[in-house]
Amino acid sequence: MAQPQRTLFDTDEPAWEVDDATEQCVATVVIPQRPIGPLDYTVPAELVERLAVGCRVRVPLGRGNRAATGYCVALEHRTAERRLKAIDEVVDARSLFSPAILELTRWMADYYLCPWGQVLDAVVPAGVRAEAGRRLTTFLHVPEEIAARRGELKLARKQAVAFDHLAASRQPLTPVELATAADCTQAPITALRRKGLVRSETRRVALEESPAATTEIEAPLELNPDQRAALDHILAALNAGEHETILVHGVTGSGKTEVYIQAIQEVVGFGRQAIVLVPEISLTPQTERRFRSRFGKVAVLHSHLSDVERHRQWQKIAAGEVAVVVGARSAVFAPTPQLGLIVIDEEHESSFRQESAPRYHAREVARQRARREGVPLVLGSATPSLESYARAQAQDDRLVEMPRRIYDRPLPAVVTVDLRTERHDRASRGAISRPLATAMETALREGGQVILLLNRRGFSTHIQCPACGFVLECPHCEIALTFHRQHRSALCHYCDYEQPTPHRCPECDYEGIEHFGRGTQRLEAEVQARFPKYAALRMDADTMQRPGSHAAALDRFRHGEVQILLGTQMIAKGLDFPNVTLVGVINADVAMHLPDFRAAERTFQLITQVAGRTGRGEKGGRVLVQTGHPDHPALVAAVRHDYLAFAAGELPLRKKLGYPPFAHMIRLVARGPLEAVTAAFAAELVNRLKEEDGRLAAGARIVGPAPAPLAKLRGEYRFAIQLQGVEAAALREVVAGATAEVAPPDDVHLVVDVDPLDML
Ligand code: ADP
Ligand code: ZN
């Protein structure tokens, strides 16, 4: 018989002999960029005082004791059962995580199957990580009495240059700044300091203050009955002091934002903080103004903040000096000391999903955080994701309906223009059909403004030889290149590869290669040609590259300098322009046929959201949707503003096919530069997954490997594997088990995507 396990059964005896069985302080450390799990280290006596859970530490790693930085995630006093290495240094002066956030990161690592360290790195902004542990900084200056004696000083040339730079500087400089300015090493600076010609002082770096926006605080609006009912549900949850998720399904313009604001007022009244997540694209000055006009202490976090500014905001939030945090998805990690409420506006938006590691959905993270901190989570949308809607229908979450617009304004009339019949009698070969052109003329003549949506940037969608059919493709991506007018170049929308457009077909040498399909640039040219009296403005990823350009463009439109706004889906989101009386959708079919089970949902959302941009003022509004499929259920429902009909038609299909929200999904994508090697790895991985699939419940499936819809991107071949099943935990176990056993070969990278949104 085998030896009994002594540690389990022989409790009177120590498991093994330990020479110095004294208690020690042991820190558990997570090291990012290492696949290994947490490691234990002892904390030397002189560091015990300075170390807290959530601080970073420097530790020796591996046989060679390489220095590595990790996060201390637990501290405990115990007798170490074996010899542990000791921590070298504590990096941060104070913890970077509250216990609740630390626990949340642990959940994310488990749920999204990614290394804990990677999550920790993602939660604390880079600016904060860089500054948090910084010691006092040295500043140099030249005292006035010494500067006055400049003529008497005999200095070596480099010293003289450094001295003069510093004397001329209006503010003290750090040694590094001075060396850069004077283009010298530290040696002449050190010499000046030794001679006492340059004085130094140390102080903490004061983070730059941005001017505090002083806005008059406005009074709350009188709520209508729908708003009142929605607010009462939220207040009930707040007062119960328990977590509840409340889905506010309210049509565009129903006054959802006012409801959030009044709920937040309640929270702030208790001295607690609220976090409001909005899609990055909605972080406009308009949104900012709206919150600032109601709350004094607002922090707005968007992706254009500098590291220093972000750090400053983070510190203010952590210090409890901010009442309301408004931001894009990563604001879900804002270090509010006493969280009272989380709101996610436009919760259906895909920008709440992070598509790089750690791949997470801010809605699910918010749900976990709100649960842990015992506070309500409010989700708002005119077109809730079917995931959120199904939860509310199953009464896991509470559903609140706001079916009417403010002042009972009508929703705009939506009509489809059938491109199949239009094509026959269209005078020009343009993108704008005759009915749409007529509607535009009328709207503009009456002083209204027009929005045109075309969800494709560039000029053409592909460049093709009419003689042999050859299509110009990206050499790295196997995707058709798009013609862009500014540089007369062919551009890849995935990797930014660019080349001049050929005049002759590279394949058959035919002269007269053509541009097919329509992008926003071609639409802009057509609009300018047909409506020369009116100013048009194009908004897409090409024209909106500089920070602030988006806000500036919207301001011009709001002030009426521009009458026609055209662009990609970025114009469809959350904007409120009372003077827009017509919205035209150039081609509703673009999203409809993507190889993605959410294609119909995306189409419905896009049409409904863009339609919601009109009829917000007293003038009313209408929407024309050009399509080759006017009978498509998503369009039929969108025309009637009928979310419930859309959901009622789509949910049974999802159920039948075993897709979310009725099942969970994990998508694995193996990518690598060699097709055969990548395919072989994906095949091996599927075999391992199938060996483990005994753990899966009946009905679960493992599909693939198959070339991904985007089969080659940025020079890498892509193979996808998909797991579907009702038990999320079982799917995760199977994936964790299989991926722990098979490591990808060199150059092959495996992406694990839990609850994927991107199916391409
Ligand atoms: P949603 O977020 O549902 O699209 P908003 O909150 O943006 O709707 O409201 C639409 C418009 O109606 C805004 O201009 C807002 O100021 C206004 N509004 C909201 N609630 C009221 C109210 N109770 N009384 C008057 N105007 C309101
Ligand atoms: Zn490319």
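A pocket, on a 1 Å grid over the protein atoms alone, is an open set of points where a 1.4 Å probe fits, with protein on both sides within 12 Å along at least five of seven lines. A molecule sits in one if more than half of its atoms lie within 2 Å of its grid points. Ligand 1 sits in the second largest pocket here.

Some ground rules. This is a predicted model, where local features need pLDDT of at least 70, side-chain atom pairs count only at pLDDT 80 or more, and totals for chains, interfaces and linings use all residues. Residues are numbered from 1 along each chain as its sequence is written, ligands are numbered from 1 in the order in which they are written, and side-chain values use heavy atoms, without hydrogens and water.

Now the ligand. 16 residues surround ligand 1, each with a heavy atom within 4 Å. Glu-222, Gln-227, Lys-256, Thr-257 and Arg-290 are the closest.

Next, polar contacts, meaning pairs of N or O atoms within 3.5 Å. A polar side-chain atom of Gln-227 is 2.9 Å from a ligand 1 nitrogen. A side-chain N or O atom of Arg-290 is 2.8 Å from a ligand 1 oxygen. Ser-254 uses a backbone N or O atom, 3.2 Å from an oxygen atom of ligand 1.

On to the backbone. Two peptide bonds to note are cis: Pro-660 to Pro-661, with omega near 5°, and Gly-704 to Pro-705, also with omega near 5°.

Last, Asn-65. Its phi is positive, about 50°, although Asn-65 is not a glycine. Buried or exposed, or in between? Asn-65 is partly exposed, because its relative accessibility is 42%, between the 20% and 50% cut-offs (1.4 Å probe, protein chains only).

Methods. Polar contact = N/O pair within 3.5 Å; in protein donor to acceptor, adjacent residues only side chain to side chain. 1 Å grid on protein atoms, 1.4 Å probe; cavity = no way out; pocket = protein on both sides within 12 Å on 5 of 7 lines; lining within 4 Å.
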